[in-house]
Amino acid sequence: MEKIKIFGDSTCDLPREILDRFDLEVMPLPVMIGDRQCLDGVDAAPEDIYKYYETTGKMSKTSAPNVNDYKEFWKPWVDQGYEIIHFHISGDISGTYNFACMAARELGHVYPIDSRVLSTGIGLLMLEAADLRDEGKSAREIVDIINERKEKCQTSFLVDVIEYLWKGGRCSSIAALGANVLKLKPRIDLVDGRMISTKKYRGKTEKCFAAYADDLMAGREDIKLDRIFVTHSGIDQKIIDLAVSKVKEHQPGVKEIFVTKAGCTISCHCGPGTLGILFLYK
């Protein structure tokens, strides 16, 4: 049986307890906070990004590891005889997948996967891969199955603070101004690997997040109920509890609900007050 190790870039937003439980690991991505180069989740947290923006009005920046970074990260595992499967944020959002493919061709025994999603949408696919590994599937079989299943990954989130999307170039200044004036909260979905605003909710924060959860969960019979993620970038606990209660209300058969917090890479672009409900379709 092959020795298989499953990795993800830190954009998967999986906490240590889940990584340990499913025998997974992450590669921290670079984050620039002012002139300070950091690694996501190692020497920088989302709160550092928010504080920097509040004090300077400037955005932190993310970047992709280069080819040598990936080769150096994987080589100790390859030298131990492992086949490596590595998950990446959508290739339409970041260059990580392309760099990883170049590194994998040079090193061998590595299978990069373009998840076509982000955050715990990636995490969901990593957990699926872990299940397949534990069933005895080969690395090639796992990659083929995941590349089929990733099209069924529902990845979306509702944004409360629009400035980060605006200053990060994800929406126009006019759209941002209109959203603020009208108190609109945009829903962002990953569609064909790209971030698309699919709907706008208007009203008080709690009402908007309740409507978002209802739209995703109510009346659906095609959701895989083994695990659902509620992932946020730092938000009032009442909103988290509301989202969890909505999942349980509409999908009472759900086996596990993982509540997780997004890391630096995601928080750089979405800002505080963002929450998503992420799951796989059958």
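This note sets out points on the core, strands and cavity of the predicted model.

1. Main core. The largest nonpolar core holds 38 residues, and those that touch the most other members are Ile6, Leu14, Leu24, Ile85, Phe87, Ile146 and Phe229. Two or more residues each are contributed by strands S1 (3-9), S6 (82-88), S10 (184-191) and S14 (275-280), and by helices H1 (16-21), H5 (120-134), H6 (139-149) and H11 (264-270). Helix H5 supplies the largest share, 8 residues. In soluble globular proteins, nonpolar side chains tend to be buried together.

2. Surroundings of Phe87. Neighbours within four places in sequence are left aside here. Phe87 is in contact with Ile6, Phe7, Gly8 and Asp9, with Ile113, with Ile122, Leu125, Met126 and Ala129, and with Ile146.

3. Strand S6. Of the 7 residues in S6, 7 are buried. Tyr82, Ile84, His86 and His88 point one way from the strand, while Glu83, Ile85 and Phe87 point the other way. In a regular strand the side chains alternate between the two faces of the sheet. In S6 both sets of residues are buried, with Glu83, His86 and His88 among them.

4. Partners of S6. S1 and S6 run parallel and are joined by 6 bridges. S6 also runs parallel to strand S7 (residues 110-114), through 5 bridges. Ile84 illustrates both pairings: Lys5 stands opposite Ile84, and the bridge partner of Ile84 in S7 is Val110.

5. A three-stranded sheet. An open sheet of 3 strands, in the order S4-S3-S5, has antiparallel pairing. Strand S4 (36-39) and strand S5 (61-62) are at the edges with a single partner strand each, so one side of each has no neighbour in the sheet. Strand S3 (residues 30-33) is joined to S5 by 2 bridges, and Val31 has Thr62 in S5 as its bridge partner.

6. The whole structure contains 1 cavity of 30 Å³ or more, and the space in the largest cavity is about 90 Å³. Its lining comprises 13 residues, of which Ser119, Phe157, Thr231, Ile266 and Thr274 are the closest to its centre. Strand S9 (156-158), strand S12 (228-232) and S14 each give two or more residues to the lining, and S14 gives the most, with 3 residues. By class, the lining has 6 nonpolar residues, 7 polar residues and no charged residues.

Technical notes: Residues numbered from 1 in each chain as written. Predicted model: local features only at pLDDT ≥ 70, side-chain atom pairs only at ≥ 80, totals over all residues. Heavy atoms only, no water. Core = buried A, V, L, I, M, F, W, Y, C linked by side-chain atoms within 4.5 Å. Buried < 20%, exposed > 50% of the residue type's maximum accessible area, 1.4 Å probe, protein only. Helix = DSSP H or I, 4+ residues; strand = E, 2+ residues; numbered from the N terminus. Contact = heavy atoms within 4.5 Å. 1 Å grid on protein atoms, 1.4 Å probe; cavity = no way out; pocket = protein on both sides within 12 Å on 5 of 7 lines; lining within 4 Å. Points joined across faces, edges and corners; volume = space filled by probe spheres on them. Nonpolar A, V, L, I, M, F, W, Y, C, P; charged D, E, K, R; others polar. Pairing = 2+ DSSP bridges.
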